[in-house]
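Visitor: I would like to go through this model term by term. Please set each value against its cut-off.

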Amino acid sequence: MELKLDDASGTLQNPTTALRCNIQEDLRSVAYPSCDEFPSFRQFNHKELTGATEITPGVFWVYHRETRYVLKIVDRPLYRRHDTEVIRKELENLNYFAGVPNIVQAAGITVSTNPYKTFDWDTGLPLVVTGILLEAYPGGTLQRVLSDRRVTEYRWKQWPIQIGTALNRFHEAKKSHMDLEPSNIVLDADGNAVLIDISGFTREWCTSEVRNTISPCDLPFEQRQQNDIWAYGKLLSEIASQISDDPYVETLRQVADGLMERDHQKCMSIAMTIAQLQSA
């Protein structure tokens, strides 16, 4: 059917057929979670954040009233709808592990009215989550320490126990990390190790079985747990590779090998690893 405008009035010329429209969601648009889903988090107006400096795509250093934070935004580069579910999962984990040592802590969520609104006013409109505001840890990443070969400048013997204890908290809750690598461990102001990025996935630091799986995060918990244990062993091996003159490092190498044992029946548990490291 072809519709024409009347040149004089600018209105449609008496259509003889009923008008119909088809409303379809743009799957390329960003799906922002509702703030109502996360009532326990402090809300920060995203317009009040200043001094944004990109760390990695979608992750920034920001300031709120002179306090430094890390901001992870929903509308990240190369966004896919699955990214919104990753944000939801991370908020769920942050809420669950609130106050737990050596696991990243959330300062709150950044909020605004929906960026897709088609009018100018904000008053009374529902708010959506535009990002996660995380506590900033000034010591940098373990990856940087390893790359600069500065492990011995720190109290490094505490890191294996701190990382293992934090990872064990995940497994006790029937959760997995699935992204345990040096770039996802940061150091706080006192040099303590803190696990971050508690909802992602990195294939490089995975067992071959998990690496070749299409949806690793959908695997049964036991397989995801075993992958975390293997990655933990690889991480301890990386730390041990930079130590040469300390008797403690032999124990570290032994437990690392035990954690990476391919026969799951012979593989060391994290609890056993921690006990052995504490007694060394």
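Visitor: Why is Tyr32 called buried?
Guide: Its relative accessible area is 16%. Buried means under 20%, exposed over 50%, and partly exposed in between, with a 1.4 Å probe and protein chains only. So Tyr32 is buried.

Visitor: What should I know about the source of these values?
Guide: This is a predicted model, where local features need pLDDT of at least 70, side-chain atom pairs count only at pLDDT 80 or more, and totals for chains, interfaces and linings use all residues. Residues are numbered from 1 along each chain as its sequence is written, and side-chain values use heavy atoms, with hydrogens and water left out.

Visitor: What makes Tyr116 buried, partly exposed or exposed?
Guide: Tyr116 has 44% relative accessibility, so it counts as partly exposed.

Visitor: Why is the pair of Tyr32 and Tyr116 called tilted?
Guide: The structure holds 7 aromatic pairs. Rings of Phe, Tyr and Trp (its six-membered ring) pair if their centres lie within 6.5 Å; planes under 30 degrees apart count as stacked, over 60 as edge-to-face and the rest as tilted. For Tyr32 and Tyr116 the centres are 6.3 Å apart and the planes stand at 55 degrees, so this pair is tilted. Strands (E, at least two residues) and helices (H or I, at least four) are DSSP runs, numbered from the N terminus.

Visitor: What kind of pair do Tyr154 and Trp159 form?
Guide: A tilted one, at 5.6 Å centre to centre and 50 degrees between the planes. Tyr154 is partly exposed, at 24% relative accessible area. Trp159 has 1%, so it counts as buried.

Visitor: How do you know that the charge of Lys234 sits over the ring of Trp205?
Guide: NZ of Lys or CZ of Arg must be within 6 Å of the ring centre and within 35 degrees of the ring normal. The charged end of Lys234 sits over the Trp205 ring, 4.4 Å from its centre. Lys175 sits likewise over the ring of Tyr96, with its charged end 5.2 Å from the centre. Tyr96 also belongs to a cluster, linked by ring pairs with Phe97 and Phe170.

Visitor: What makes Val62 buried or exposed?
Guide: Val62 has 2% relative accessibility, so it counts as buried. It lies in strand 3 (residues 59–64). Leu49 is 13 residues away along the chain, yet the two C-alpha atoms are separated by 6.3 Å. Val62 touches Leu49, Tyr69 and Leu133, among others.

Terms used: Contact = heavy atoms within 4.5 Å. Lists of a residue's contacts leave out its neighbours within four places in sequence.
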